[in-house]
Amino acid sequence: MSTLPVLSISDLIVEFPTRRGVLRPVDRVGFDIARGEILGVVGESGAGKSMCGSAIVGLIDRPGRITGGEIRLSGERIDTLSQEKMRRIRGKRIGMVFQDPLTSLNPLMRVGDQIVETIRTHLPVSEHEARRRAVAALEEVGIPAASTRIDSYPHQFSGGMRQRVVIALALAAEPELIIADEPTTALDVSVQAQIMALLKRLCRDRGTAVMLITHDMGVIAESTDRVAVLYAGRLAEIGPTRDVLSSPRHPYTIGLMASTPSPTGGADRLSQIPGAMPNLRAIPPGCAFNPRCTKAFGPCTSELPVLKPVGRNEVACWLFDDALTGNPNKAEENA
Amino acid sequence: MSEQTPLIRAENLTCVFDVSKPWLNRVIERRERQFLTAARNVTFDIPKGKTFALVGESGSGKSTIGKMAVGLLRPTSGKVTVDGTDLFGALKASSASALRRRIQMIFQSPYASLNPRWRVGDIIAEPIRAFGLASGDAVGARVTELLEQVGLAENDGQKYPHEFSGGQRQRIAIARALASNPEFIVCDEPTSALDVSVQSQVLNLMKDLQRDLGLTYLFISHDLSVVRYMADQIGVLYLGQLVETANREDLFNNPQHPYTRMLMDAAPRIDAFGRTADAVKGEIPDPITPPPGCPFHPRCPLVDNRCKTEVPKPFQTGETNVACHAAEEGRGRPEAA
């Protein structure tokens, strides 16, 4: 087994040329996902989470395009492939699970036929064998009476069951990587727990790498091995989930954690981050977070911070630059 | 419980929707009429200045009850009283607008609840004018005051809703709700469409306003952590029925109903690294043909024969009101991990 990461992204830039200038929803983002690893990508709306996912599978809406960096799938560069070659990778080597299961299933096709189609597109098997595999896939994702439900249409399933079908579909061709974009956001908590448990179990059993895009810190904590925090299209912090969540370094991650209400905590007042994420048209110079940051100083408003290792995390924040005089945050870092 | 009479009292609120197919289809397909009971015998009180939260999953009837509480939806049976006056009786009377002024609502999506063609100042001024609360220059002054109260600036009144972010829009919706000097506000998932850092701003604002203006909230949410932060009293809904009503401490420290425990267990926790929640089997059943007996019995770990046939009656234990045979009989409570 190779030790290459399943997915390796470096310095990825996605740009949208518009009449009022070029927008950069993804700005020099880089991370790896190893085999069997679940990487959480977290951020607020507009942070560029989904755009990263779309870039990896080559589904950025025009006129957007990748203008920098590279994406490698098991070592092979995929961001430069033709549409046709990319089409063969999607579904086969990269499976996708989106937020709304109704829009990712064809309402006019029986779910079984959709799975059979996916299997036969990517694997050289007979119709009969594909159908047998489809039933097995539905059974594996926990759909009761799979051999009869395979002939049902998507609208005949509940939301949770539909998302199970989508997962079965994503896993049908045994991909190396699953990109799950807010897979449980549209579901109730009890169903969310079922779906996350299912996704974790299946990926662990098969060694599938997962990129889990979500805004829910609770889901991140419970399901991911590592987490990348995005802000305004840039990586603010990345590291092992436990380290990032329990000792966040970047002021944005700290604020995000503190403003998340906990079902076990009883804070009288939530701490809040002033302001809101900047519009892509008006990203402030320097660190994008500086107008909302209580610790902003000299370089923050003019120079872009780069990722630096701090503890077990990597953080893009000037507070952790030792070259700058006196490191004002040393005390906190030791805490 | 406070001794004073509650500001809002919901008594045996029941709402049944006719979801039958058209007459001709029923005749041809030999179908019966079908009814969906969105709320069944829901009873709660909200004392003045307090927050009562309704939690439950989708389809549990939260929003239906919220709509009945503001008078947008007429209950099939039962009633809502505001300060002792029957809401639906009063809405027919000539004094209706006096009562309407006292009740306002904040909706989930600030993208859908603000007219995109109106300036924010006009949106906020509309209730002031509609209820005749001010005239002439006083309207503008009041709008400015409201904008500042929710943390926006005076010149924001000249802008259109699309110029604001989600959190700011929800502030505008709050300012509009406050414009008529209401006493009671129904908040239907007010922060579900917002990001966490913005959610905390809006929740803090709502708490501050409650303290400063003595507001009473009916707070509808699916998120237990938000409810824990906002509510004094909490009602847990399942399939249109209140299965447990308790004050905040009791509900979170000592939940009685198995469904409440399940909800708490299933909610993702930011401090539970690598936990796989003990997922409950099944999903909320079809409300048109709810299961007999206790509506939760097909998913309940403590189910027995009585639960399958007999609808549990709410009973009082301490300050908690719970509708569960298992809780009543003290049947095997699974230990929380």
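Predicted model: local features only at pLDDT ≥ 70, side-chain atom pairs only at ≥ 80, totals over all residues.
Residues are numbered from 1 along each chain as its sequence is written, and chains are lettered from A and ligands numbered from 1 in the order in which they are written.

**View 1. The open antiparallel sheet of chain A.** In chain A, 4 strands make up an open sheet with the order β2-β1-β4-β5 and antiparallel pairing. Helices (H or I, at least four residues) and strands (E, at least two) are DSSP runs, numbered from the N terminus; two strands pair if DSSP finds at least two bridges between them. At the edges stand β2 (21-33) and β5 (76-77) of chain A, each of which pairs on one side only. Axes are lines fitted to C-alpha atoms, for helices over the stretch in contact, and angles run from 0 to 180 degrees between N-to-C directions.

**View 2. The hairpin of β1(A) and β2(A).** These two strands form a hairpin, with 2 residues between them. Their pairing is antiparallel and extends over 9 bridges. Within this pairing, A:Leu7 is placed opposite A:Ile33 of β2(A). In a regular strand, side chains alternate between the two faces of the sheet.

View 3. The bond from A:Arg62 to A:Pro63 is cis, and its omega is near 5°. A:Pro63 belongs to the loop between α1 (49-56) and β4 (65-73) of chain A.

**View 4. Packing of α4(A) with α7(A).** Two packed helices are described by the angle between their axes and the distance between the axes. Helix α4 (residues 111-122) and helix α7 (residues 159-171) of chain A pack at about 20°, and their axes are 9 Å apart. Helix α4(A) is therefore roughly parallel to α7(A); angles under 35 degrees count as roughly parallel, over 145 as roughly antiparallel, 65 to 115 as roughly perpendicular and the rest as oblique. The crossing is right-handed; a crossing is left-handed if the near helix is turned anticlockwise from the far one by less than a right angle, and right-handed if clockwise. From α4(A), A:Val111, A:Gln114, A:Ile115 and A:Thr118 meet A:Val165, A:Ala168 and A:Leu169 of α7(A). This contact comprises 5 nonpolar, 2 polar and no charged residues; Ala, Val, Leu, Ile, Met, Phe, Trp, Tyr, Cys and Pro count as nonpolar, Asp, Glu, Lys and Arg as charged, and the others, Gly among them, as polar.

**View 5. Packing of α4(A) with α5(A).** The axes of α4(A) and helix α5 (residues 127-140) of chain A come within 9 Å and cross at roughly 120°, which makes α4(A) oblique to α5(A). This crossing is right-handed. Residues of α4(A) in the contact include A:Gly112, A:Ile115 and A:Arg120, and those of α5(A) include A:Glu127, A:Ala130 and A:Arg131. By class, the contact holds 6 nonpolar, 1 polar and 4 charged residues.

**View 6. Two positive phi values in chain B.** B:Asn12, in strand β1 (residues 8-18) of chain B, has a phi near 45°, a positive value in a residue other than glycine. B:Leu239, likewise not a glycine, has a positive phi of about 50° and lies in the loop between β9 (233-238) and β10 (241-247) of chain B. B:Asn12 counts as partly exposed because it has 13 C-beta neighbours inside 10 Å, whereas B:Leu239 counts as buried because it has 24. A residue is buried if 20 or more other C-beta atoms lie within 10 Å of its own, exposed if 12 or fewer, and partly exposed in between, with C-beta atoms placed from the backbone.

**View 7. The side of chain B that touches chain A.** In chain B, 36 residues are in contact with 38 residues of chain A. Helices α8 (196-213), α9 (224-230) and α11 (258-266) of chain B each supply at least two residues of this side, and α8(B) gives the most, with 7 residues.

Note on methods. Contact = placed C-beta atoms within 7 Å.
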